Amino acid sequence: MKQKEFENHCISCTVRNCTNHSGDKDFCSLKRITVGTQMPRKNETVCTDCKSFQLRSDLMIG
């Protein structure tokens, strides 16, 4: 996996299987992210997700 050089200290992240993760540090390499929900009722906070997530290519099957 190629290490991302930029660490956005305003976006902490522990999802290391994301393309946008900043190397071995717990930060995102993007300047901004989009957060959304999968729940039909938008006032439920049970399942919020980073919509900017992209699976690292070295983890893709096929």
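Guide: A salt bridge is a side-chain nitrogen of Lys or Arg within 4 Å of a carboxyl oxygen of Asp or Glu. The structure holds two of them. This is a predicted model, in which local features need pLDDT of at least 70 and side-chain atom pairs count only at pLDDT 80 or more, while totals for chains, interfaces and linings use all residues. Residues are numbered from 1 along each chain as its sequence is written, and side-chain values use heavy atoms, with hydrogens and water left out.

Visitor: What makes R16 and D26 a salt bridge?

Guide: Their side chains meet at 2.9 Å, N to O, and the limit is 4 Å, so the pair qualifies. Strands here are DSSP runs (E, at least two residues), numbered from the N terminus, and helices are runs of H or I with at least four residues.

Visitor: Which side chains form a salt bridge at 2.8 Å?

Guide: Those of D58 and R56 meet at that N to O distance.

Visitor: Why is R56 called buried, whereas D58 is called partly exposed?

Guide: Buried means under 20% relative accessible area, exposed means over 50%, and partly exposed lies in between (1.4 Å probe, protein chains only). R56 has a relative accessible area of 15%, and therefore counts as buried. D58 stands at 45%, so D58 is partly exposed.

Visitor: Why is S12 called exposed?

Guide: S12, which lies in strand 1, has 59% relative accessibility and therefore counts as exposed.

Visitor: How do you know that S12 reaches residues beyond its neighbours in sequence?

Guide: Contact means heavy atoms within 4.5 Å. Leaving aside neighbours within four places in sequence, S12 is in contact with D26 and F27. S12 and F27 are 15 residues apart in sequence, and their C-alpha atoms are 4.3 Å apart in space.

Visitor: Why is V15 called partly exposed?

Guide: V15, found in the loop between strand 1 (8–12) and strand 2 (27–28), has 35% relative accessibility, and therefore counts as partly exposed.

Visitor: What is the pattern of the protein chain along the sequence?

Guide: The pattern reads β-β-β-β, with four strands and zero helices. Buried residues make up 23% of the 62 residues in the protein chain.
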